[in-house]
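Hi there,

I'm passing this structure on to you, as promised.

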Amino acid sequence: MQADVAVQVSHYPYEKTLVVDGMVCKNCSARVENALNSIDGVWAEADVSSGRVTVRMKREIEDKVLKKTVNDIGAYTVMKVE
């Protein structure tokens, strides 16, 4: 399994971390992941315990697009992009 993940990660050379307020459960993190994953070329993984979402991208995507995607869900706010 590790090799499969390494191959997948190599297809996403760009990475950003979003700090998201409002994620309090696994359903929250799934909603945020699904919203971000709806953007072509994005692979998002949310960690509810840290309030962070790792966003891997096949191409560079502007911070404002990532923020808008999460903020438009309604229950969550991107506090910063790292």
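Let's begin with a cysteine: C25 is partly exposed, with a relative accessible area of 31% (buried means under 20% relative accessible area, exposed over 50%, and partly exposed in between, using a 1.4 Å probe and protein chains only). Before going on, two notes on the ground rules. This is a predicted model, so local features need pLDDT of at least 70 and side-chain atom pairs count only at pLDDT 80 or more, while totals for chains, interfaces and linings use all residues. Residues are numbered from 1 along each chain as its sequence is written, and side-chain values use heavy atoms, with hydrogens and water left out.

Four strands make an open sheet in the order β2-β3-β1-β4, with antiparallel pairing. Strands here are DSSP E runs of at least two residues, helices are H or I runs of at least four, and both are numbered from the N terminus. Two strands pair if DSSP finds at least two bridges between them. At the edges sit β2 (42-47) and β4 (77-81), each pairing on one side only. From one strand to the next, the twist averages 30° (axes are lines fitted to C-alpha atoms, for helices over the stretch in contact, and angles run from 0 to 180 degrees between N-to-C directions).

Helix α2 (residues 26-37) packs on this sheet and touches β1, β2 and β3, contact meaning heavy atoms within 4.5 Å. Its direction makes about 165° with that of β2. Helix α3 (residues 63-71) lies across β1, β3 and β4, running at about 155° to β4.

Inside the sheet, β1 (residues 14-21) and β3 (residues 52-57) pair in the antiparallel sense over six bridges. One example is Y14, whose bridge partner in β3 is M57.

Finally, K16 in strand β1. Is K16 buried or exposed? Buried, with a relative accessible area of 10%. Its side chain makes a polar contact with the side chain of E60 at 3.1 Å, and another of 2.5 Å joins the side chains of K16 and D63. A polar contact is a pair of N or O atoms within 3.5 Å; within protein, one must be able to donate a hydrogen and the other to accept it, and residues adjacent in sequence count only if both atoms are side-chain atoms.

Cheers
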